[in-house]
Amino acid sequence: MIRQTFALAALSAGLFTTAHAEMESDFHESEIIQKIAFGSCSDPRKGRSPMFEAVLKENPDVFVFLGDNIYGDTEDMELLKKKWSELGDLEDFQKLRESTTVLATWDDHDYGVNDGGKTYKKRKESQQIFLDFFKDADDSPRRKREGVYGSYTFGTPGKTVQILLLDTRYFRDVLPGAKGPKAKGTVGWYKPTEDASLTLLGETQWKWLEEQLQVPADIRIIGSSIQVLAHEKGMENWGNVPHERKRLFELLKKHNANHTFAISGDVHFAELSKRDLDGYPFFDLTSSGLTNTQKGWAAATNSYRIGDSHPVQNAGLIEIDWANKSLELSIINKDGEKILHHPLKFSEMEFK
Ligand SMILES: [Fe+2]
């Protein structure tokens, strides 16, 4: 508890060491962590979510809000602030904030507009409201640049976790949506674009990401609000911009980013995806539905899915066993039961 409170206090008060040199994360905390929980798609207007209590029982070192943390959906900044305060007013959220280090990025709804990107008129204002809500310190790098992306390392050499939180909204170009009859197995209209000039992350964030992938880490977690691997649903995902996804995979290979996997949200159900990248097994653990769930979307095709999809309220869990150099990726339900779990040795996530 002392450790976690320190980390939280440090982050809030700006004591979380802020990197100044190259090849360091934006934020560093030397405490070794072993349990990270995460979730997305939370609508406080739906009342109390049992997922917060289930997460609190796990006593994670870190909790990551991966986006659609509220349903803001407005250009009225007073209304947006009010909607954030509705999350802040939840007793369970307050307990979470007191007992763990809370990190966050956003997706479209808390950014401010459904399926939104760089054309959202209030993105600058929304960013400041977001950073205020998540108590970024005055000298936080996220206050000095556009977008809410950020990198966080925890631990000491040999036991270092880096969490990279991407911003898939602020810089995103308008993607062509193809309205019309949906193909079998799909639940949305998005199709992969062939226009390689369209970006998801934007050049500044790409440059930052490439630098961050060179920060020494024993486990690296890429937090993306939208799914990285699953791409056949017709929903928003990295597969809509195949050249950007290819760029991500090429960067991982270029920098030999072993022991790296993705976590994602957005889709209102949970699933684990795995794709072989030239012999490197890359995982994407999706947890969506702290409150919102959607059975129909969970039935959509995902060739990379391992096991079942779970359209129930859920949270993701990453448990690291440093002594045995292994970890477990899990999804828990409202009763704290692991409805999905996948053990992995670090050595299984390496470039050959
Ligand atoms: Fe979303």
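Me: Which residues are exposed on the other side of helix 7?

Reply: This is a predicted model, and in it Glu203 and Lys207 are the exposed residues on the other side of helix 7. The general idea for reading such a pattern is that an α-helix has 3.6 residues a turn, so residues three or four places apart point the same way. In the case at hand, helix 7 spans residues 203–212, and its buried residues are Gln205, Trp208 and Gln212. These cover an arc of only 60° around the axis, which puts them on the same side of helix 7.

Me: What covers the buried residues of helix 7?

Reply: The cover over the buried residues of helix 7 includes strand 6 (150–154) and strand 7 (161–165).

Me: Which residues of helix 6 are buried, and which are exposed?

Reply: Helix 6 runs over residues 123–133, and its buried residues are Arg123, Ser126, Gln127, Phe130 and Phe133. Viewed down the axis of helix 6, these buried residues fall within an arc of 130°, so they line one face of the helix. Lys124, Gln128 and Asp132 are exposed on the other side of helix 6.

Me: How should I read the packing of helix 3 and helix 6, and at what angle do they pack?

Reply: Two packed helices are described by the angle between their axes and the distance between the axes. For helix 3 and helix 6 the angle is about 20°, and their axes are 11 Å apart. Angles under 35 degrees count as roughly parallel, and helix 3 and helix 6 are therefore roughly parallel to each other. As for the handedness, helix 3 passes helix 6 in a right-handed crossing. On the side of helix 3 the contact is made by Met77, Leu80, Lys81, Trp84 and Gly88, and on the side of helix 6 by Glu125, Ser126, Ile129 and Phe133. By class, the residues in this contact of helix 3 with helix 6 divide into 5 nonpolar, 2 polar and 2 charged.

Me: At what angle do helix 2 and helix 4 pack, and how far apart are their axes?

Reply: Helix 2 (residues 50–58) and helix 4 (residues 91–99) pack at an angle of about 25°, and their axes are 9 Å apart. That angle makes helix 2 roughly parallel to helix 4. Here the crossing in which helix 2 passes helix 4 is left-handed. From helix 2, the residues Phe52, Glu53, Val55 and Leu56 meet Asp92, Phe93, Lys95, Leu96 and Ser99 of helix 4. Sorted by class, the contact of helix 2 with helix 4 has 5 nonpolar, 1 polar and 3 charged residues.

Me: Which phi value does Asn59 take, and where does Asn59 lie?

Reply: The background is that most residues other than glycine have a negative phi, and most peptide bonds are trans. Asn59, by contrast, has a phi near 50°, a positive value in a residue other than glycine. Asn59 lies in the loop between helix 2 and strand 4 (62–65), and with 12 C-beta neighbours inside 10 Å, Asn59 counts as exposed. For Asn256, phi is likewise near 50° and positive, and Asn256 is found in the loop between helix 8 (242–254) and strand 9 (260–264). Asn256 counts as exposed, with 12 C-beta neighbours inside 10 Å.

Me: Is Ser287 buried or exposed?

Reply: The reading rests on a count of neighbours, since a residue is buried if 20 or more other C-beta atoms lie within 10 Å of its own. Ser287 has 32 C-beta neighbours inside 10 Å and therefore counts as buried, although Ser287 lies in a loop, the one between strand 11 (280–286) and helix 9 (295–298). Leaving aside its neighbours within four places in sequence, Ser287 is in contact with several residues, among them Phe38, Gly39, Ser40, Asn314 and Ile331.

Me: Which residues does Leu277 touch, and how many C-beta atoms surround it?

Reply: Leu277 has its place in strand 10 (residues 270–277) and is partly exposed, with 13 other C-beta atoms within 10 Å. Not counting residues up to four places away in sequence, Leu277 touches Phe249 and Phe282.

Notes: Residues numbered from 1 in each chain as written. Predicted model: local features only at pLDDT ≥ 70, side-chain atom pairs only at ≥ 80, totals over all residues. Axes fitted to C-alpha atoms, helices over the stretch in contact; angles between N-to-C directions. Helix = DSSP H or I, 4+ residues; strand = E, 2+ residues; numbered from the N terminus. Parallel < 35°, antiparallel > 145°, perpendicular 65-115°, else oblique. Left-handed = near helix turned anticlockwise from the far one by under 90°. Contact = placed C-beta atoms within 7 Å. Nonpolar A, V, L, I, M, F, W, Y, C, P; charged D, E, K, R; others polar. Arc of directions from axis to C-beta.
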